[in-house]
Amino acid sequence: MIFEQIFNMINVGLVVLDKDLNVRHWNRWMELHSNIKAEDIIGSPIFSCFPNLDNPKFLRNCKSVFKFGNFSFFSQKLHRYLFPFKPDSTFGSEFNHMQQSCTMGPLRDESNVVSHIYLSVQDVTEIAAYERKLVERNMQDGLTGIYNRRFLDTKLQEEFSRHKRYNRPFSLIMCDIDLFKNVNDTYGHQCGDVVIKHIAALMGSVIRDTDFLARYGGEEFCCLLPEADFEIACSLAERLRQAIEQTEVTFDGQTLNITVSFGVAYMYDEVEHAEALLQMADDALYAAKKSGRNRVVAAP
Amino acid sequence: MSIAAEQALSRDEQDILQELMNIAFGRASADLAEVIDTYVVLNVPEVRTLKVVDLPEFISTEISDHDIISIVEQSYLGRFKGVALLIFPSGAGRELLNLFGDNVEDYGEDVSMAALEKESILEVSNILIGACVGKVVELLDDEVSFSPPRIIIEDHPRNAIPCEIFEPNSLATVMRTVFQFSDRNISGYLFLINSSESFQWLKKALNLFMEQYE
């Protein structure tokens, strides 16, 4: 009597299946989330209401639990859910379905033979939403909202390997706000932040959807350009330079004109590692600074 | 927790455990064929008692066939209590994915091939460990529950297994076997590491097991 109450009151979905995978028990949590009453599903194969479970992996794991009395785990990370239910909480708005972590385990009869299996279904939508936010934040620069250095380093390696494998074009732009120290010294660091945010947003609106713009350091940015050859990369850098030259940043009633210097590097066979490409762009940027700033210099 | 050497399994007890595992693995192998549609050869297991701090070096020596490895860990909890480690050579995920024939398309667009390969390793580990440990405890008349398996080391050089993954200062009974999927180029090692906490019970259970034959 008490066990039956626990079965129905617990905030977890519980299902019991027999050897033929017919539903034997279906708790209240499952009723409420599936809109299927226990009396309507008990006795029917689980697949009659949930055809998505009729797949090799689910069947393989059922077999394993019946044979070995072990447990099977269906993590949210890969499976998202076993039972397609609507999300329950406000966190669910970003998911089409309730995110579930499910476990399958053995139930034995008097002679210790596994005669049934249970499935427990836990709603992990909230955790999945938090995790998604954390992953996003881990890739984002706090001030500008564009990608951060950590993301850039990983992505650079990925794109570099992709280039090596498929021999597709790949370019990279490094750029740095000209005389940024003067902005900070004259107008203060808050103004410096406004300038960095403004430039990041402007560049973000000019680059292609397939490019990755990241804040590399203080006032330095890096843009990865997959599938961009040397001409495309140089013309994009020039467009960025012009867009910034023509823009005005206002802070505290004052108007500032900002310029940026650019270094462009293009990937070719002799470039042996990703850091070398970055160094080439950095050297070109240094040359752009040396030769008077507000210009695009391409690596030789 | 440290433990005196005399509390560890005796030579005879280790021999019984080895024999029992041999029977258990034979049964596991037969049943595995039904579950995953392929025959898994489980070699004659070896049993020995070691200090936990010596485990990384022991494992590294025992698996000298492969240089880059991944390790899956899963703990089992009953009176028979410990940690199972499954060691695969680098690249096994791809082979295992082919074995199951699961498709990337079945899992939505944001699931990468790498994630799917990892999942295949975890699923196979869960089933293999479940089968081997399940059959051993069945013979010892115990029941165990399992924690979810997790990949603790991914594509790591075998000679650099960090010792932090084990609880130091204790003795462990290590049961080691080599497994091989027939018709597939997949093989690896299974280590069952029973902590000293279960030694007392294990001694009794092994003696009870022997009584059936005496």
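This short talk walks through a predicted model with chains A and B.

First, some ground rules. Local features here need pLDDT of at least 70, side-chain atom pairs count only at pLDDT 80 or more, and totals for chains, interfaces and linings use all residues. Residues are numbered from 1 along each chain as its sequence is written, chains are lettered from A and ligands numbered from 1 in the order in which they are written, and side-chain values use heavy atoms, with hydrogens and water left out.

Let's start with chain A. How is chain A divided? Domain 1 covers 2-131, and domain 2 covers 140-298. Those bounds come from an automatic or database domain assignment. Taken over C-alpha atoms, the centres of the two domains of chain A are 50 Å apart.

Now a residue from helix 2 of chain A, which spans residues 28-34. Helices are DSSP runs of H or I with at least four residues, strands are runs of E with at least two, and both are numbered from the N terminus. The residue is Glu31(A). Which residues does Glu31(A) contact, leaving aside neighbours within four places in sequence? They are Trp26(A), Ile36(A), Lys37(A) and Ala38(A). Contact means heavy atoms within 4.5 Å. Look also at Val271(A): 240 residues along the chain from Glu31(A), with 61 Å between the two C-alpha atoms.

Next, Met139(A). This residue sits in helix 7 of chain A, residues 125-139. Met139(A) is partly exposed, because its relative accessible area is 28%. Setting aside neighbours within four places in sequence, Met139(A) contacts Ile146(A), Tyr147(A), Asn148(A) and Phe151(A). Leu152(A) lies 13 residues away in sequence, and its C-alpha is 8.4 Å from that of Met139(A).

On to a pair of helices. Helix 9 of chain A is residues 180-187, and helix 10 is residues 189-206. Their axes come within 7 Å and cross at roughly 140°. That is why helix 9 of chain A is oblique to helix 10 of chain A. The axes are lines fitted to C-alpha atoms, for helices over the stretch in contact, and angles run from 0 to 180 degrees between N-to-C directions. Under 35 degrees counts as roughly parallel, over 145 as roughly antiparallel, 65 to 115 as roughly perpendicular, and the rest as oblique.

Which residues meet there? From helix 9 of chain A come Phe180(A), Val183(A), Asn184(A) and Tyr187(A). From helix 10 of chain A come His189(A), Cys191(A), Gly192(A), Val195(A) and Ile196(A). In this contact 6 residues are nonpolar, 3 are polar and none are charged. Here Ala, Val, Leu, Ile, Met, Phe, Trp, Tyr, Cys and Pro count as nonpolar, Asp, Glu, Lys and Arg as charged, and the others, Gly among them, as polar.

Now two loop residues with positive phi. Leu179(A) is in the loop between strand 6 (170-177) and helix 9 of chain A. Its phi is about 50°, although it is not a glycine. Leu179(A) counts as partly exposed, at 47% relative accessibility. Glu227(A) is in the loop between strand 8 (220-226) and helix 11 (230-246) of chain A. Its phi is near 65°. Glu227(A) is partly exposed, with a relative accessible area of 32%.

Over to chain B. How many helices and strands does chain B have? There are 5 helices and 8 strands. Chain B has 214 residues, and 53% of them count as buried. Take contacts in chain B between residues at least 6 apart in sequence: 75% join residues at least 24 apart.

Arg176(B) is in strand 7 of chain B, residues 171-181. Arg176(B) counts as buried, because its relative accessibility is 13%. Beyond four places in sequence, Arg176(B) touches several residues, including Val44(B), Glu62(B) and Tyr189(B). Leu20(B) is 156 residues away along the chain, and 13 Å separate the C-alpha atoms of Leu20(B) and Arg176(B).

Last, Phe199(B), in helix 5 of chain B, residues 199-211. Phe199(B) is buried, at 1% relative accessibility. Its C-alpha is 18 Å from that of Leu55(B), 144 residues apart along the chain.

Terms used:
Buried < 20%, exposed > 50% of the residue type's maximum accessible area, 1.4 Å probe, protein only.
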